[in-house]
Amino acid sequence: MSGSAATRLALGAQGFTDARPTGRPTRHHLKRVLKRVRLLQLDSVNVAVRAHYMPVLSRLGPYDRALLDDAAWTDSPARPRLLVEDWAHEASLVPVADWPLLGWRREAYRQRYEHHRAALEERSPGLADEVLDAVKRLGPISAGALERELTGAGSGSRGGWWNRSDTKNMCEYLFGVGALTTGTRRSFERRYDLPERVLPPTAFARTPPDRDEAARELVLRSAGALGVATEPDLRDYYRLPTSASKAAVAELVDAGSLEAVEVRGWDRAAYRLPGASVPRRVEGRALLCPFDPLIWRRERAERLFGFHYRIEIYVPESRRVHGYYVFPFLLDGELVARVDLKADRAAGVLRVPGAFLEEGRPVARTAAELAGALREMAEWLELDGVVVGGRGDLADPLARAVAGSDGG
C-alpha cells in the first residue's frame, strides 16, 4: 500500500469521507460519528472549546452541543444514554456497550492504588462506605458537595470527622475502580452516581472479559477506527499494555481477523481489517483540536501527513513556536496549516493569535477555506466574529480572507 492510500484509508475510517448532514445534525448522525471514532477524549482545557465537542464538529459541521450532552449525561426511557465516562485513551466518553471491555482496567486500577485506598481508610476509617452511602442517598452529587456533607456542613454529616481532600481522593479512587461513575456534569463539574443507576442492565449482563480477551476486542475497535495502523498505534488508542497488545495483534492475524500490510515509507509493519476499503479521494475541510483521534498520536500524524505537531500548553510562552492551543487545519486530505485559537467570550470573538502555513501549500486557497472554517466555528460557539492576530506567515492572508468573508 502506498503512503497516500494509507492516509486516505485512515481519513475514511475516522469519518472524513462521510457526507455532512444537509440539515440539522441529529442523534443518528452522532451515532455515525461515534461508530467511527469509538471514543471522545475529555480534557479540562477550555481555551477554545472543550475537547470532546470538537471532533463531532470536525466531522458533522455545526451541531447542537446538547446533542452530545444528552448522549453522555442524560437519561430518558425514549433516549437512553449512549456514552459513559471511563479511562480509555485517557479520561474518555466511550459507548455504554464497551463498559465491560474496560473492566480489566478498573481491576488494574484497584490493584495499583490499593495502598492509596488503605492510607485513606487509615486516616478516615469507613470513608469509602460513607461516600458510597452519601452518593446513594444524594446522587448525582459533586465532590465538593460530598465534602460538605461528610465534613460537617451537610445534614446528617459526621461533624468534621473526615478531611476534605481525603473525600475527594476517595471519590477519584471509587471512580477508577468502577464503584462510582459520572451521573451528569454541570459546567463540566462531575456529579458522581452509582453505575447501576446510570448504566442500563445490559452493561452488567456480560461478565467482564479478562485482559487478554478484552485486548483482542479493543484492538479490533482500534483497527476499525484507525483504518491502517502499526501495533503501537493500535495499542495507543485504548492505552493497552504492551504485552497484551502485541499478543492480541498476533492472535488476530493468525485468526484472519486482522490483516498485515506493508505501507511504503513506514519503518514497521502495519495492520488493517480485512476488506477495508481505500477511498479514492478525500475532500472537504475541518479544524482539528489537539485531542482529535486523527492526530492525538503525534508520531502517527507525522507518518500520515508529514506534519510535525506538539501541543505547547506546558511550554513557557517565550519558547512556544506556534501558540498555546493550536488546531491543525485539514483540507482535502492534507494538513495544510495550523492556527492558535482562543474563544474570547467577554469580547464575543474567536481570536486567532497565530496562523501558520505548511510548506508548499497554496496561500490563497488555504486562507479562504480556513477563514470559512473559522467563521463556522465562531458561529457554532455563538461568537460574533473572528479576529486574526499578527503571528505567523499565514496571518496577513488569513486576516484579509476573514475580512472578505465578513463583507469588510
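Two strands count as paired here if DSSP finds at least two bridges between them. That rule is handy for the first close-up, and every view below comes from a predicted model.

View 1. β2 and strand β3 (residues 91-95) pair in the antiparallel sense, with five bridges between them. Look for Trp87, whose bridge partner in β3 is Ala91. Taken as a whole, the open sheet has three strands in the order β1-β3-β2, and the pairing is antiparallel. β1 (40-41) and β2 (83-87) are the edge strands, each with a single partner, so one side of each has no neighbour in the sheet. Helix α4 (residues 65-73) packs on this sheet and touches β1, β2 and β3. The direction of α4 makes about 70° with that of β2.

**View 2. Inside the largest nonpolar core, around Met377.** This core holds 92 residues. Leu287, Phe327, Val339, Leu374, Met377 and Leu398 are the ones that touch the most other members. Helix α16 (residues 363-380) gives the most to the core, eight residues in all. Nonpolar side chains tend to be buried together in soluble globular proteins. Zooming in on Met377, and leaving out residues up to four places away in sequence, you'll find it touching Ala48, Val49, Met54, Leu57, Leu287, Phe327, Leu341 and Leu350. Another core, of 23 residues, lies apart from this one, and its members include Val263, Ile295, Phe307 and Val326.

**View 3. Phe307, a buried residue in a loop.** Phe307 sits in the loop between α15 and β10. Is Phe307 buried or exposed? Its relative accessibility is 1%, and the cut-off for buried is under 20%, so Phe307 counts as buried. Once residues up to four places away in sequence are set aside, Phe307 touches Ala301, Glu302, Pro328, Leu335, Ala337, Arg338 and Glu358.

**View 4. Where helix α1 crosses helix α15.** Two packed helices are described by the angle between their axes and the distance between the axes. For α1 (residues 3-13) and α15 (residues 298-305), the axes come within 8 Å and cross at roughly 125°. That angle makes α1 oblique to α15. On the α1 side, Ala6, Thr7, Ala10 and Leu11 meet Arg300, Leu304 and Phe305 of α15. Sorted by type, the residues of this contact are five nonpolar, one polar and one charged.

**View 5. A cis peptide bond at Pro140.** Gly139 and Pro140 are joined by a cis peptide bond, with omega at about 0°. Pro140 belongs to the loop between α7 (127-138) and β4 (141-142).

View 6. Arg239 isn't a glycine, yet its phi is positive, near 50°. You'll find Arg239 in the loop between α13 (231-237) and α14 (242-255). With 34% relative accessibility, Arg239 counts as partly exposed. Asp332 is not a glycine either, and its phi is positive at about 50°. The loop holding Asp332 runs between β10 (326-331) and β11 (334-344). Asp332 has a relative accessible area of 32%, so it is partly exposed.

Technical notes
Residues numbered from 1 in each chain as written. Predicted model: local features only at pLDDT ≥ 70, side-chain atom pairs only at ≥ 80, totals over all residues. Heavy atoms only, no water. Core = buried A, V, L, I, M, F, W, Y, C linked by side-chain atoms within 4.5 Å. Buried < 20%, exposed > 50% of the residue type's maximum accessible area, 1.4 Å probe, protein only. Helix = DSSP H or I, 4+ residues; strand = E, 2+ residues; numbered from the N terminus. Contact = heavy atoms within 4.5 Å. Axes fitted to C-alpha atoms, helices over the stretch in contact; angles between N-to-C directions. Parallel < 35°, antiparallel > 145°, perpendicular 65-115°, else oblique. Nonpolar A, V, L, I, M, F, W, Y, C, P; charged D, E, K, R; others polar.
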